[in-house]
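Q: Please take a close look at the packing inside this predicted model. I would like one connected account of a single part and its surroundings.

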Amino acid sequence: MSYIIRDAVEQDMTQVLDLIRELAAFEKEPDAVEVSVDELIKEGFGPTPLFHCFVAEVNNEIVGIALIYYRFSTWKGRSVHLEDLIVKESMRGTGLGSALYAEVMKYAKSKGVRRVEWVVLDWNRKAIDFYEKSGAKLLKDWYLVQMDKNEVEKFVSKS
């Protein structure tokens, strides 16, 4: 199979959003995606982009993405967060996920970051095994903590 891994462009965002929706369904949250194509374009390609996206393309179709952004660690300095690595279900097992993952790591190395981090669902055994085999450490003593927009609004209204 012949494929290309490249930087995403604005015109890719419709297909990128399709893959994001496919991931949401895979993660049993099919109605959770709120982001739009316009928002992806604005936030990824404006004057101060909030993310960088790599795409995997086969026969002019985007069949995988890796979406990353910078974070700052008070201990390590600049780091890269891998928000999502998605491969279309029909293309899983072809090596595209590994190729996208490698592209993220090469990018991180070229930018001199001290850490790449991401989260993985505890039931996604294939992904966990892949990450561990690659040398990544699963930090099982940390919790992911977040507040959605409604929770933030409630908190602020009480303060």
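A: **Packing around Trp-118**

Leaving aside residues up to four places away in sequence, Trp-118 touches His-81, Leu-82, Tyr-101, Met-105, Tyr-131 and Ala-136. In this predicted model, Trp-118 is also listed, together with Phe-54, Ile-68, Leu-96, Val-104 and Val-116, among the residues with the most contacts inside the largest nonpolar core, which has 22 residues. Two or more residues of this core are supplied by each of strand 2 (52–58), strand 3 (61–73), strand 4 (77–87), helix 3 (96–111) and helix 4 (125–134), and the largest share, six residues, comes from helix 3. Apart from this core lies another one, of 15 residues, and Val-16, Phe-51, Val-55 and Leu-67 are among its members.

Helix 1 (residues 13–26) packs against helix 2 (residues 37–45) at an angle of about 110 degrees, and the two axes are 9 Å apart. Since angles of 65 to 115 degrees count as roughly perpendicular, helix 1 is therefore described as roughly perpendicular to helix 2, and the crossing of the two helices is right-handed. On the side of helix 1 the contact is made by Met-13, Thr-14, Val-16, Leu-17 and Ile-20, while helix 2 contributes Val-37, Leu-40, Ile-41 and Phe-45. Sorted by class, the contact of helix 1 with helix 2 comprises eight nonpolar residues and one polar residue, with no charged residues.

Key:
Residues numbered from 1 in each chain as written. Predicted model: local features only at pLDDT ≥ 70, side-chain atom pairs only at ≥ 80, totals over all residues. Heavy atoms only, no water. Axes fitted to C-alpha atoms, helices over the stretch in contact; angles between N-to-C directions. Helix = DSSP H or I, 4+ residues; strand = E, 2+ residues; numbered from the N terminus. Parallel < 35°, antiparallel > 145°, perpendicular 65-115°, else oblique. Left-handed = near helix turned anticlockwise from the far one by under 90°. Contact = heavy atoms within 4.5 Å. Nonpolar A, V, L, I, M, F, W, Y, C, P; charged D, E, K, R; others polar. Core = buried A, V, L, I, M, F, W, Y, C linked by side-chain atoms within 4.5 Å. Buried < 20%, exposed > 50% of the residue type's maximum accessible area, 1.4 Å probe, protein only.
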